[in-house]
Amino acid sequence: MQAEIYAYKCTACGHLHHPAHFVCVKCGGREFEQVALTGEGTLVTYTRVYNLPEGYMKPFIAFGIVEFPNGLRAAGQMGTDELQLGMRVRAEVGVVKEGVGKDFYGFIFQKAE
Amino acid sequence: MRQVGIVGVGHTKFGKAGVPLVEMLSYAAVEAMDDAGIKTGKGHGIDQVFAATMGGGMINRQHGVASALVDTLNLRPAMAESVENGPASGASAVKLAYMAIASGMCDTALVVGGELMRVVSGWEATDFVATMLHPEAEYNYGLTLPALAGMFTRLYMEKYGVTEKDLAMVAVKNHEHAMHNPVAHIQLVPDLYSITEDEDAIIINPHVAEPLHVYDVCPVSDGAAALVLCAMEAGDRFPKKPVRIAGIGQATDTHAVAERAVSTDLLAVRLAAEKAYAMAGISPREIDVAELHDAFVILEIAESEEAGLFPRGEGHLAVRRGDTKVGGKLPINTSGGLKAKGHPLGATGVSQIVELTRQLRGEAGGRQVAGAKNAMAVNFGGFGNNVIATILTTGGPEKYASGNLRI
Ligand SMILES: [Zn+2]
């Protein structure tokens, strides 16, 4: 059960990563601390995908890439049908894929009020 | 470093193979060996075999493909390795064969790439390809290659003014080229108006991953392609004049696409191409024909810019002008490309080199680029996180001798 998504902060230089890296992309450091990656961001790009596996009871799934104020970008599912480049979105965490005996949690971006 | 050339090419008809994986690879292999004038059986002279397949283990439940291939072709006890590098497996295998010969470890190598994908459903094929995405940051979300390509396409259209019609024009061009390539999967040319502006266009050509439509995406194909490579100093043992591999460049990029500094850049394409040009001592202006990895048609446009063939943001203008058609200034994907010839993953990088070898030999028939001397291939792995550029030439090594110092 993972209801929070993290950024990984290099303890040597402070550079933030998402997803996790083994070696810091900036200074080569190998130690990181987890920092919650939450809040609002900007929708950089998006798509609606129509070729879904069997069993999906919806016509499409929307995906997007969001930029957070700290500069990190992350991909996720879109929880809103109102999609526009540059729109403000809020990062929520939910089940993005149901696995066998284990669900996968990830970003589901919602339109920010 | 020894110079390396191509003396044999083979290629199955892409589409639905209807035979097991190793048998399909064998058809391409023996065609390449016949083309090189190599006897099957004793005294064949093949020192090393590389077999490229991305999904042999996962979709065909067969590992050790190169070992199986060597046995059925009676090439024992030749050295053999299977090569997996995503959709760039084919060019990786060519690169490894180049290195094996250039190093002096062997004189003649057989490279075979192939994929048997039509044995699973379309969704299973898409899902299997998606396993190369970042597990936590991409794959678990249900992201696939078409999804990443859709998001990339939207950014590219927004930034450079590329239109949906431009994308469709690339597709129509590649389908037109494929009509002259008997081994291409799709032998049909869609009507540009019907798939873009007609009131029924969205029914004929529905969205796959917005803004990409069906005709912007390559089909799922079976197929195999093969090459015989030799040391140039042994080139006169073969009936056809070797086409020389002048340069190979490879580069990698971030695993998660969202992490890239500039979302519309394909940095690994740029770096791989720069390395290949430097090694070859050939400039982008000297390229006469190119095979670019158009799994999604936007990639042909973006790669043509990153590889320096057209200025940044102007690849789609070259398409509008007709520069990239056979008969144009710089024909791209004369084979039909992945879009129309098909994209059996492990075969693609080898298939691109087969096409360019035929072009440089003057054997390309109705799609021949007159007088082609230098050619470039870009084989794109992941969503651009592992890219190999290869330059072929009819020119001799003497002119470019210093280029070899690069590796
Ligand atoms: Zn650091």
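How many salt bridges are there between chain A and chain B? The count is one, where a salt bridge is a side-chain nitrogen of Lys or Arg within 4 Å of a carboxyl oxygen of Asp or Glu. Here are some notes to read beside the structure.

1. Ground rules. This is a predicted model, in which local features need pLDDT of at least 70 and side-chain atom pairs count only at pLDDT 80 or more, while totals for chains, interfaces and linings use all residues. Residues are numbered from 1 along each chain as its sequence is written, chains are lettered from A and ligands numbered from 1 in the order in which they are written, and side-chain values use heavy atoms, with hydrogens and water left out.

2. The salt bridge itself. Look for A:Arg48 and B:Glu210: their closest N and O atoms are 2.8 Å apart. Strands supply much to look at here (strands are DSSP runs of E, at least two residues; helices are runs of H or I, at least four; both are numbered from the N terminus). On the side of chain A that touches chain B, β4 (39-49), β5 (61-67), β6 (73-78), β7 (88-98) and β8 (103-111) of chain A each supply at least two residues. The most comes from β4(A), with six residues.

3. The interface as a whole. In contact (heavy atoms within 4.5 Å) are 27 residues of chain A and 26 residues of chain B. The size of an interface is often given as the accessible area lost when the parts come together. For chain A and chain B, the buried area is about 2400 Å², 59% of it on carbon and sulfur atoms; this is the accessible area (1.4 Å probe) that two parts lose on being put together, summed over both.

4. Strand β5(A). Six of the seven residues of β5(A) are buried, so this strand is largely enclosed by the rest of the structure. Buried means under 20% relative accessible area, exposed over 50%, and partly exposed in between (1.4 Å probe, protein chains only). Two strands pair if DSSP finds at least two bridges between them. β5(A) pairs with β4(A) in the antiparallel sense over seven bridges, and A:Arg48, the salt-bridge residue, stands opposite A:Ala62 there. Five bridges also join β5(A) to β6(A), again antiparallel, with A:Ile65 and A:Ala75 as bridge partners. In the hairpin of β5(A) and β6(A), with five residues between the strands, A:Gly71 takes a positive phi near 95 degrees.

5. A three-stranded sheet in chain A. This open sheet has the order β2-β1-β3, with antiparallel pairing. β2 (16-17) and β3 (32-36) of chain A are at the edges with a single partner strand each, so one side of each has no neighbour in the sheet. β1 (residues 6-10) and β3 of chain A share five bridges, and A:Lys9 has A:Glu33 as its bridge partner.

6. A covered strand in chain B. Is β2 (residues 48-52) of chain B mostly covered or mostly open? It is mostly covered, with five of its five residues buried. B:Gln48, B:Phe50 and B:Ala52 point one way, and B:Val49 and B:Ala51 the other. β2(B) runs parallel to β3 (residues 79-83) of chain B, joined by five bridges, and B:Ala51 stands opposite B:Ser82. With β4 (residues 108-115) of chain B the pairing is also parallel over five bridges, and B:Phe50 stands opposite B:Val111.

7. B:Val129 lies in helix α5 (residues 122-130) of chain B and counts as buried at 11% relative accessibility. Leaving aside neighbours within four places in sequence, B:Val129 is in contact with B:Met54, B:Met117, B:Leu145 and B:Leu345.
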